[in-house]
Amino acid sequence: MSAHCQVTGKRPAFGKRVSHSHRRTSRRFNPNIQKKTYLVPSLGRRVTLRVSTAGIKTIDKRGIDAVVAEIIARGEKL
């Protein structure tokens, strides 16, 4: 599975690792993805989401019903 947040859409960023001698090699900055299960009253069931820590804060602020409705409107599978 890819490191992709279902709420915020965060994906890995890419950059360079720079050594002491200043040689540059490619590296990848992964978002902090967590697997969280939420009880969604509007659907009447539990939903497991792959969310970043920023996505968890978004769910706490806006509510799980609003976030799940937005995910379903995008056509993403839950």
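The model is predicted, so to speak with care: local features need pLDDT of at least 70, side-chain atom pairs count only at pLDDT 80 or more, and totals for chains, interfaces and linings use all residues. Residues are numbered from 1 along each chain as its sequence is written, and side-chain values use heavy atoms, with hydrogens and water left out.

**Overall layout**

- The protein chain has two helices and four strands, where helices (H or I, at least four residues) and strands (E, at least two) are DSSP runs numbered from the N terminus.
- Reading from the N terminus, the order is β-β-β-β-α-α.
- With a radius of gyration of 16 Å, well over the 12 Å that the globule rule gives for 78 residues, the protein chain is more spread out than a compact globule. That radius is taken over C-alpha atoms, and the globule rule is 2.2 Å times the number of residues to the power 0.38.
- The C-alpha trace spans about 55 × 20 × 15 Å along its principal axes.
- Of the 78 residues, 24% count as buried. Here buried means under 20% relative accessible area, exposed means over 50%, and partly exposed is in between (1.4 Å probe, protein chains only).
- Take the contacts between residues at least 6 apart in sequence: 40% of them join residues at least 24 apart. A contact means heavy atoms within 4.5 Å.

- Strands S1 (residues 13–18) and S2 (residues 24–29) run antiparallel and are joined by six bridges. Two strands pair if DSSP finds at least two bridges between them.
- Phe14 stands opposite Arg28 in S2.
- Five residues lie between the strands of this hairpin. His22, in the loop between S1 and S2, has a positive phi of about 75 degrees although it is not a glycine.
- Ser19 also belongs to the loop between S1 and S2, and is partly exposed at a relative accessible area of 35%.
- Ser19 and Ala3 are 16 residues apart in sequence, and their C-alpha atoms are 26 Å apart in space.

- Eight bridges hold together S3 (residues 33–40) and S4 (residues 45–52), another antiparallel arrangement.
- Lys35 has Arg50 as its bridge partner in S4.
- Four residues sit between S3 and S4, and Gly44 in the turn has a positive phi of about 70 degrees.

**Charged side chains**

- Side chains of opposite charge can pair when their charged atoms come close.
- The count comes to three salt bridges, each being a side-chain nitrogen of Lys or Arg within 4 Å of a carboxyl oxygen of Asp or Glu.
- Arg62 and Glu70 make one of them, with their closest N and O atoms 3.0 Å apart. Both ends are partly exposed: Arg62 has a relative accessible area of 43%, and Glu70 has 34%.
- Glu70 also meets Arg74 in a salt bridge, at 3.7 Å from N to O. Arg74 is partly exposed, at 44% relative accessibility.
- Arg74 in turn bridges to Glu76 at 3.3 Å, N to O, and Glu76 is partly exposed with a relative accessible area of 24%.
- Put together, Arg62, Glu70, Arg74 and Glu76 are linked in a network of salt bridges.

**Rings**

- How many aromatic pairs does the structure hold? The count is zero, taking rings of Phe, Tyr and Trp (its six-membered ring) as a pair if their centres lie within 6.5 Å, with planes under 30 degrees apart called stacked, over 60 edge-to-face and the rest tilted.
- Phe29 does have a charge over its face: Arg27 lies there at 3.8 Å from the ring centre. The rule asks for NZ of Lys or CZ of Arg within 6 Å of the ring centre and within 35 degrees of the ring normal.

**His4, ahead of the strands**

- His4 is found in the segment before S1 and counts as buried, at 18% relative accessibility.
- Leaving aside neighbours within four places in sequence, His4 is in contact with Gly9, Lys10, Arg11, Ile33, Arg50 and Glu76.
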